[in-house]
Amino acid sequence: MQNNNVKPWYKIWWVWIIISAIFFLFLICIIGSNVSNDASTDNDDTTQVSKNDDSDSNDSTDDNDSDSNDTSDYDGNDDSNDTNDDSYSTTDDSSSDTSNNDSGSDATTDQQSALQQADYFANDANMSKAKIYEQLTSSYGGNFSSSDVNYAISHLEGVDWNQNALATAQKYVDDYHMSKSELYDQLTSSYGEQFTASQAQYAINNLD
């Protein structure tokens, strides 16, 4: 005999609860899988970005190293060029000074001063050329450089060194009454007037 009191399965409440639970579990699995895939994708992107950053950092380091090397080479070459330019400039200045000295133009202040003092010693004090040189280069005298004094002496005009020796010899004879032998020694001595032997002899031969 058939039991008419048995309900169909779709009218039983707990069957729907089971179906609902299975459905929710299915949704959770799908959502979890999507989240996992997204997380994996994000990790891959992060790894790729990190690799790119490392690559950029390496490139930047290489660029910096290259710039550093370029700067080092450039500075070294500049220093070398500067040194060569300075040496060339010094040589040109030296050549220019020598040319100016030879031509007697564009004398320096010291050269002009040395020339003025040399002119006084030669034409007013009747000194010898060697005595003037000693006077102008001495630290107790003019204290000029040897090159400036050489310039001054070479540019003296109208000086008769024989006449200077004669004037000096005449003064010694008049004031100290020296003999010719003593006078000769005084005129030629390195501690005396420093005239040449021919100039001293000229003076002695032409005394009054």
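This is a predicted model: local features need pLDDT of at least 70, side-chain atom pairs count only at pLDDT 80 or more; totals for chains, interfaces and linings use all residues.
Among contacts (heavy atoms within 4.5 Å) between residues at least 6 apart in sequence, 55% join residues at least 24 apart.

A nonpolar core is a set of buried Ala, Val, Leu, Ile, Met, Phe, Trp, Tyr and Cys residues joined through side-chain atoms within 4.5 Å. The largest such core has 13 residues, of which Ala118, Ile132 and Leu136 touch the most other members. The elements that give two or more residues to this core are α2 (109–123), α3 (129–137) and α4 (146–154), and α2 gives the most, with four residues. If its neighbours within four places in sequence are left aside, Leu136 is in contact with residues including Ala114, Ala118, Phe121, Phe144 and Val149. Apart from this core lies another, of 11 residues, among them Ala165, Ala169, Leu183 and Ala200.

The largest pocket has a volume of about 160 Å³. On a 1 Å grid over the protein atoms alone, a pocket is an open set of points where a 1.4 Å probe fits, with protein on both sides within 12 Å along at least five of seven lines, and lining residues have an atom within 4 Å of a point; the volume is the space filled by probe spheres set on the points, which are joined across faces, edges and corners. Among the residues that line this pocket are Ala125, Met127, Lys171, Tyr172, Tyr176 and Glu193.

Tyr172 and Tyr176 both lie in helix α5 (residues 161–176), four residues apart, about one turn of the helix. Rings of Phe, Tyr and Trp (its six-membered ring) pair if their centres lie within 6.5 Å, and planes under 30 degrees apart count as stacked, over 60 as edge-to-face and the rest as tilted. By this rule there are two aromatic pairs, and one of them joins Tyr172 and Tyr176 in a tilted arrangement, 5.8 Å centre to centre with 40° between the planes. Tyr172 counts as buried because its relative accessibility is 15%, whereas Tyr176, with a relative accessible area of 56%, is exposed.

Notes. Residues are numbered from 1 along each chain as its sequence is written. Side-chain values use heavy atoms; hydrogens and water are left out. Buried means under 20% relative accessible area, exposed over 50%, partly exposed in between (1.4 Å probe, protein chains only).
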